[in-house]
Amino acid sequence: MSETIAYERVGDVAVLKAQNPPVNALGAEVRKGLLAGIERAEQDGAKAVLIYGEGRTYFAGADIREFGKPPQEPQLPGLCSRIEASPLIVVSAMHGTALGGGLEVALSSHYRIAVPSARMGLPEVNLGILPGAGGTQRLPRLAGTEAALEMITSGRHFGAAEALEKGIIDKIEEGDPRGIGLAYVQELLEQGAPRRAVGEMPAPEAVDFDAAYAATLKKGRGQLSPATAVRAVQAAAEAESFEAGLKRERALFMELMGSDQRQGLIHAFFSERAVSKLPELESVAPREVALMGVIGGGTMGAGIATAALLADLPVVLIEMTDDATAAARGRIEGNLKGALRRGKITEAQYDRLTGEALTVATDYAALAQADLVVEAVFEDMGVKREVFGKLDAQCKPGAVLATNTSYLDVDEIAASTFRPQDVIGLHFFSPAHVMKLLEVVVAKDTAPEVLATGFALGKRLKKVAVRSGICDGFIGNRIMNAYRKAAEYLVLDGASPYQVDAVVTGFGFPMGPFAMGDLAGLDINWAARKRRAPSRDPRERVPRFYEMLCEGGDFGQKTGKGFYIYKEGTRGGVPNPEVAGLIARDQEEQGITPRDFPDAEVLQRYMCAMINEAAKVVGEGIARRPLDVDMVMLFGYGFPRFWGGPLKWADLQGLDGILADIRAYAAEDDFFWQPAPLLEQLVADGKTFDDLNKGG
C-alpha cells in the first residue's frame, strides 16, 4: 500500500487511514493510495470501507504544491466516481476540516459521520475555479439547490451541526474518527443498510438559475467563478443524467482554469503567504510583547487597541484628558460589543477585555512596563516628535516605539529619541480592528529584531504585514495619491466624478475614488495637499474643484455633503448637483475645454497611473517585490482579489501595451505621466513583474 494511505482489516471492514501530514492534502500519492485501498478492499472480500485521517484532520483539500503543474492520475473526479461506484459500503469519518476536494471525497462516500468540531466547505470559488470533482452535482442532491448554491458560491466553511441539519452528513459523534467510524460502519452492517450513492439520488429541484447567476455576478462585483458555479449547479438539476451533469461541471471547471481571474486569485493565494516571509528575518528572533501601549484614543487608536485586545494582548491607552480617556474607552467597548454580537467573543471575554486587560490613563508613566507602544495621534510632525520624546523618557529599555503615521518621515520621528534603533512604523488601516493590512515601515536605524517584532505583532493580530521603505505615503498611500490624481485629471478634462466612480466599481473595486474620499473625509486629503503645496513642482497640474468643495465646508459623509449628498437613515449618497458648477469654474479658470471620455479610457488611465506609480515604488526599493504592492492594494485599498493586484493585472494585460498607453498620455502631460524606469526595463527585457517575484 501507499505510504500516505494505510490499509487495515477490522473484521468485515477495510480501514483506509490517510497519513500525509500536516493536513492530509489530496496529492497524487494520496489519490493513488485511496484508489488502491478501495480496489484491495473489494478483492479482500470486505463488506465495507472506512476512510479517515490521522492527525489533526480529514482531507483538508488539494495539495497546493500541485497548483499549475500537469495533472497526475488518478485525477480527483475519476477517483470520486470510483469510490462512489464501489459495491461495498463506503463511510467517511471526518474531523478537523474537510474542504474542497476533501469534502468531495466525503460526498462520494455512501455515508458520512463527523465529530462535533469538524468543519467543511467547498471554497474553490476563492481560487477562481469551482468544485470540479462532483461537488456541484452531489451537494445539491443532499442539501437542496438553494442551500448548495449559497454554500458553493460563497465558498464559506460550515460546521458539523449545520451539515447534519442540511443532510450533508448522517451523524455527529464525539470521539476519535477511527473509533466513531468503525462503530458507525458496524451499526450500518448490522442494520443491513443499503449502499447509498449520492449520484444515484434524484436530481435536485430547479430554481430561477438565470436570476441566481445575475445576482451572484453582481454580488461578486464581476468575479466569474461564483457565477459560473451557479451554471454547474444548474446542470445538477437540469442535465439528463448525473453523468451528463458531471461532464458539464468539468467543462465549466476547465473554462475557469484557463481564465485570467483564476491566475489572479492563485497569485493572491500564494502572495498572501509569501509577503511576510523576509529572508533578512530568517534567523532573527522578535522581542517578546506581553503588554502593548497605544497613544491616542480616536477612531484609529481605539481600533488598534481593540485589535490587540482581541488578540489577547493587554493594552494601556494614553489620552490627554479624563474626558478623552472616557471617550476612548467607550469607543473600544463599542468595538468589542460588535465582536460580542458577531459571536467572536463571549460575555466573559468581553468583561475581561474591557476590565483587567484594558487600562486608560493620562500619564505616560503608565507605559513603564509596555513592551511595544503604537502612537496614533494627529498627523503632524511636531505633535509626533513631542509624543516620541515623552515615550523616550518613560518607556523601558528595549521597548519598541512605533508610529502609525500614514505619510510622515519615520526617520525624522525616530530622531526625536535617543533610541532610533527601537523605532518603526506600523501603519494600520481604519478601522484597525477590521482591516487586514499592516504596513511595517523600516527606518534607517531600525534594528532587525524590531522589524521581526513588527511582523510577529502583525501575525498575532491576524494582519497581512508588508514591509515598506520610507517615502511620502509609503507603498499604499503613495500609489493611491497617483491614481486619485489621475481620476481628478479625468474630471478636470471632462469626465464626471460619477462616471469615474461607476467605471472603477464596474472593474471590481467596492467604491470609486470620489465616494471613497467622501467616506474618509475630504478634509484629510485637503490637509495633505496643503502640507505638500510649498514643495510642489511648478510643472504639476493642480485641479482646484476638490479644494473648492472643502473651502465650502463640505467634507463628505461627516458633514452630509461632498461629491455626494448623504441623508440620515439612507444608505449611500446621491450626486451633489453643486459639484458640476465647481468643476466648470475650475475648467474655465484653467482654460480647459472639456471633452468626453469613453469608459474604457477612464479605466485605462486610472489603472495605468496605479501601475506606473507602483512600478516606481518597486524600482526605488520602497516595496521589495511586486507582490508586496499587490498585497497592499488587495488588503488596504479594495483592489479586486480576482485580478491578483495591480501588477498581476498588468502582467495579464501585457506590459508593452500599458507602457505604450503611458507614453501616449505623456504627450499631454509629461510630468505626471513620466514612465517608470522599471516598467521600461521590463518591457525592453521581455520580462514581467512576476519574473521579479520569482527572483528574475
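Helices (H or I, at least four residues) and strands (E, at least two) are DSSP runs, numbered from the N terminus. This is a predicted model: local features need pLDDT of at least 70, side-chain atom pairs count only at pLDDT 80 or more, and totals for chains, interfaces and linings use all residues. Residues are numbered from 1 along each chain as its sequence is written, and side-chain values use heavy atoms, with hydrogens and water left out.

Step back into H19, residues 497-507. Its buried residues (under 20% relative accessible area, 1.4 Å probe, protein chains only) include Val-500, Val-503, Val-504 and Phe-507. Show H18, H20 and helix H24 (599-619), which are among the elements covering them (contact means heavy atoms within 4.5 Å).

Next, select Arg-112 in strand E6, residues 111-114. Arg-112 is buried, yet it has no salt bridge (a side-chain nitrogen of Lys or Arg within 4 Å of a carboxyl oxygen of Asp or Glu). Which side chain of opposite charge is nearest? Asp-170, at 4.3 Å. Now find the backbone oxygen of Ser-109: a polar atom of the Arg-112 side chain lies 2.7 Å from it. Other residues that Arg-112 touches include Met-94, Leu-142, Tyr-184 and Arg-196.

Finish at the second largest pocket, lined by 47 residues. Select Met-300, Ser-406, Ser-430, Ala-520 and Ile-524, which lie nearest its centre. Colour helix H12 (299-310) and strand E15 (423-428), among the elements that give two or more residues to the lining. H21 gives the most, with six residues.

Key. Buried < 20%, exposed > 50% of the residue type's maximum accessible area, 1.4 Å probe, protein only. Lys, Arg positive; Asp, Glu negative; His and termini not counted. Polar contact = N/O pair within 3.5 Å; in protein donor to acceptor, adjacent residues only side chain to side chain. 1 Å grid on protein atoms, 1.4 Å probe; cavity = no way out; pocket = protein on both sides within 12 Å on 5 of 7 lines; lining within 4 Å. Lists of a residue's contacts leave out its neighbours within four places in sequence.
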